[in-house]
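Hi everyone, thanks for coming.

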Amino acid sequence: MGSRDKKMVEQRPVHNSEVYLLRPAPFPAIPPPSPPSPITPAESDFCAPIEPLSLDEPAIVAVCGEHRALDERLASAVHVLNTEATALQCITKLYSTDRTARDGFNRAVEAITRRQGEGGNNGKVVVIGVGKSGHIAKKLVATFNSLAIQAVFLHPTEALHGDLGQINRADTLLLITFSGKTPELLTLLPHLDRALPLILLTSHTRPDTCELIRHRPDTILLPAPIHEPETTSFGVSAPTTSTTVALTVGDALAIVASTEFHPSVASVFAKNHPGGAIGAALRYPREEVRHLAVPLDGIACLDDDDADGVTGADVLRVGYASPSGWVRLGGWGVVSPSRIRRLSSTDLGRGIGELEWAVTARADFVSIAADTTVREAAEWIRGIMGVARRGGEDGACREDSIVAVVEKGGECVGLLEVGTLLEGV
């Protein structure tokens with residue numbers, strides 16, 4: 001072998017992606033071999049050990065535990081929500097079917113609406129409670145007042161130290177106690193005027209089981225029971241389900257009493273709540289005027305072809321029993337709640353034909369399309385009143401004038417007073 005051949009044999013391959021190892025003929029060229037593996041470092045050289053992977057790693061266990069804790073937290077929250085929702089379903093069924101509960105609610109509404117506006121200082125609802133029931137009482141007072149039913153909160157202990165002076169002879173008393181035997185209320189009870197209506201909002205569903213009612217049998221029972229004790233539901237007797245149910249029954253009482261006492265709850269609420277986001281929304285109403293109107297089927301009808309056969313007392317009697325407070329006289333006229341309230345004792349014995357000021361004939365109705373917005377209708381009415389005043393036509397359109405809300409086909413679907421429409425904005 002020549003020196004040249006020796007050099008070619010000893011020549012080492014060049015590692016490059018485009019270089020092939022050349023071999024002497026007749027052998028063909030072949031691709032280079034893979035690069036050599038790196039030299040394993042000596043034990044003295046630095047080499048970080050690879051930690052073994054384990055499913056019992058503390059970090060993984062911690063993450064799983066955190067997920068379990070979050071799931072348990074949400075499950076507990078759902079349990080609370082579901083329990084209170086169940087309690088509301090049960091109280092709804094109670095007031096739908098139970099005679100005692102229904103009778104108590106009717107008597108409570110009558111006691112409140114009958115005495116509003118009575119007495120020298122005006123009748124009001126005095127709501128009394130202590131502890132969590134006291135907080136519920138304060139919230140209900142705020143709701144009553146916003147719906148134009150006068151109400152005040154009275155703490156039972158403070159009442160015994162001078163605040164009994166808040167109560168006047170035209171008031172209605174509303175006591176809130178889940179147990180029906182709260183010591184502070186039992187201590188106060190003998191000092192409350194027995195001539196005043198007393199409503200008791202409590203967990204008891206029968207009068208004979210309630211200690212407070214045993215001391216005052218004429219008490220109006222307003223049941224607010226829960227379907228199971230709070231210790232059973234949550235392991236603690238903290239007022240939760242009980243306060244939710246009490247608040248709900250109190251809200252129902254406030255809404256219904258206001259609806260029966262005022263022709264339009266929406267208008268009085270708007271007047272009493274000018275602030276905040278609610279007030280802003282009420283100042284710019286977009287609802288249609290049909291929503292303020294009292295439907296015709298909610299107006300009690302007093303049929304009599306002879307107007308003189310109907311007296312002011314008849315109108316007062318029917319108006320008091322009417323859910324809306326309105327009275328329709330056959331097909332020729334109506335008497336609105338505001339005009340019924342103006343009837344004097346001498347008017348009660350007169351025939352309705354003599355009381356022309358009290359009746360609005362159909363020909364005197366002001367008609368407005370049902371899909372007109374409240375703001376548009378109010379602006380139009382104010383325009384009519386302004387023209388009447390400038391023309392010297394007093395009374396052409398007054399606040400107690402009647403607005404007939406009509407559909408496009410001309411059918412009257414409801415009535416309201418001009419004052420209610422103007423208060424709506």
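Let's start with R350, which is partly exposed at 35% relative accessible area; for the cut-offs, buried means under 20%, exposed over 50%, and partly exposed in between, with a 1.4 Å probe and protein chains only. R350 forms a salt bridge with D347, and their closest N and O atoms are 3.3 Å apart. D347, by contrast, is buried, with a relative accessible area of 7%. By salt bridge I mean a side-chain nitrogen of Lys or Arg within 4 Å of a carboxyl oxygen of Asp or Glu. Shared partners also join E288, R290 and E407 into one salt-bridge network. Within it, E288 and R290 pair with closest N and O atoms 2.8 Å apart.

A word on the source: this is a predicted model, in which local features need pLDDT of at least 70 and side-chain atom pairs count only at pLDDT 80 or more, while totals for chains, interfaces and linings use all residues. Residues are numbered from 1 along each chain as its sequence is written, and side-chain values use heavy atoms, with hydrogens and water left out.

How many salt bridges does the structure hold? There are ten. One of them pairs D251 with K139, with the closest N and O atoms 2.7 Å apart. That pair links distant parts of the chain, since D251 sits in helix α9 and K139 in helix α4, 112 residues apart. Helices here are DSSP runs of H or I, at least four residues long, and strands are E runs of at least two, numbered from the N terminus. Both partners are partly exposed: D251 at 24% and K139 at 34%.

Now to helix α3, residues 99-115. Its 17 residues reach 24 Å from first C-alpha to last, close to the 24 Å expected at 1.5 Å a residue, where the expected span is 1.5 Å times one less than the number of residues. Among its buried residues are F105, A108, V109 and I112.

Those four turn up again around L253, which is in contact with F105, A108, V109, I112, F144, L174 and L222, leaving aside neighbours within four places in sequence; contact means heavy atoms within 4.5 Å.

Which residues touch the most other members of the largest nonpolar core? F144, L222 and L253 do, out of 34 residues. Such a core is a set of buried Ala, Val, Leu, Ile, Met, Phe, Trp, Tyr and Cys residues joined through side-chain atoms within 4.5 Å. Elements giving it two or more residues include α3, α4, β5 and α9.
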